[in-house]
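Open the structure in your viewer and get ready to select a few charged side chains. We will go from pair to pair.

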Amino acid sequence: MAEKHEGGSEKTTQKRRSFLRHAGLAAVATPAALATQGTSQAAIRDTHTIREGTPDETDVYLTDMQNEGPTAVVVGGFHGIEEAGYQAAEDVKTWSIDQGTLITIPRANPVAIRRDTYSNDNGNLNRKFPPGEEPTTPLARAIWDVITSYDPDVVLDLHSSKGIYNEDVGPEGVGQAIYPTTASGAGEDAVMTTRYMNRYHFDGSLEDYYRFRRGNTIDGDRPLLIHKVDADLNQPGFIVETTRYGTDLETRRNWTLNIVHHLLRRHGINRTYEN
């Protein structure tokens with residue numbers, strides 16, 4: 001379980017003001033509120049756009065419970081051919097939660113998504129986040145600015161791969177694995193989430209090589225988003241990889257959603273199901 005920060009109320013207020021500032025709203029603005037079950041508190045839900053007016057223009061979604069609790073960032077769509085990641089993130093942005101703050105960037109790389117390609121005109125977006133340095137493209141800088149603005153307790157990056165991690169079947173790839181950062185507890189979170197997936201969300205008709213496993217540790221030595229989370233923020237972060245080899249989109253999307261649900265729960269954010 002992620003350690004809670006002290007001074008939660010002040011931290012929550014700062015995050016809310018940060019989002020309003022990004023969105024171009026005054027601090028006194030009243031976003032649409034969703035009453036939460038069993039409490040008089042209301043959730044702030046809001047959206048703002050990064051890289052507005054450019055081909056990179058994409059939306060960032062906020063659910064803020066206005067109470068003490070963790071902050072999570074979920075990112076999908078770094079690669080346009082990895083539909084399960086951005087479709088799952090589109091679902092996550094609508095979730096109701098019991099506490100804390102959930103920031104979602106469902107379509108991080110809109111040019112690649114529109115083109116159904118791996119990269120955009122600047123290459124592979126997930127190679128533009130050198131640890132210890134400024135991200136190297138405007139879109140990467142905008143995404144990193146969103147993440148750091150909210151001082152997150154956990155960051156999830158959703159992908160799919162053409163192959164399966166450490167298996168000789170099919171094409172070479174990194175799917176069916178969860179890759180944790182070096183932050184305390186992240187490795188255990190990855191292991192426990194794979195156990196959960198294999199027990200409750202693994203179709204017995206599939207070969208055993210489709211079972212989920214913990215991937216290698218993300219240690220900040222490459223210019224990927226979660227490597228930068230490890231090196232620069234020293235927070236739990238996870239690359240989530242399903243495989244496209246022999247699987248359909250609905251299966252991959254559902255796997256991804258259940259992984260997100262379990263990882264967020266381990267970090268103190270539970271999905272609720274109010275309207």
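Is Arg253 buried, partly exposed or exposed? Select Arg253 and you will find a partly exposed residue, with a relative accessible area of 22%. Keep in mind that this is a predicted model.

Asp91 forms a salt bridge with Arg253, and their closest N and O atoms are 3.0 Å apart. Asp91 sits in helix α2 (residues 83–92) and Arg253 in helix α7 (residues 249–266), so this pair ties together parts that are 162 residues apart in sequence. Asp91 is partly exposed too, at 21% relative accessible area.

Next, go to helix α6 (residues 225–233), where you can pick out both Lys228 and Asp232. The two are four residues apart, about one turn of the helix. Their side chains meet in a salt bridge, 2.7 Å from N to O.

Then select Arg211 and Asp208. Their side chains form a salt bridge with an N to O distance of 3.5 Å. Asp208 is exposed because its relative accessibility of 54% is over the 50% cut-off, while Arg211, at 32%, counts as partly exposed.

For the last stop, show Glu90, Lys93 and Arg107 together: a network of salt bridges links these residues.

Technical notes
Residues are numbered from 1 along each chain as its sequence is written. This is a predicted model: local features need pLDDT of at least 70, side-chain atom pairs count only at pLDDT 80 or more; totals for chains, interfaces and linings use all residues. Side-chain values use heavy atoms; hydrogens and water are left out. A salt bridge is a side-chain nitrogen of Lys or Arg within 4 Å of a carboxyl oxygen of Asp or Glu. Buried means under 20% relative accessible area, exposed over 50%, partly exposed in between (1.4 Å probe, protein chains only).
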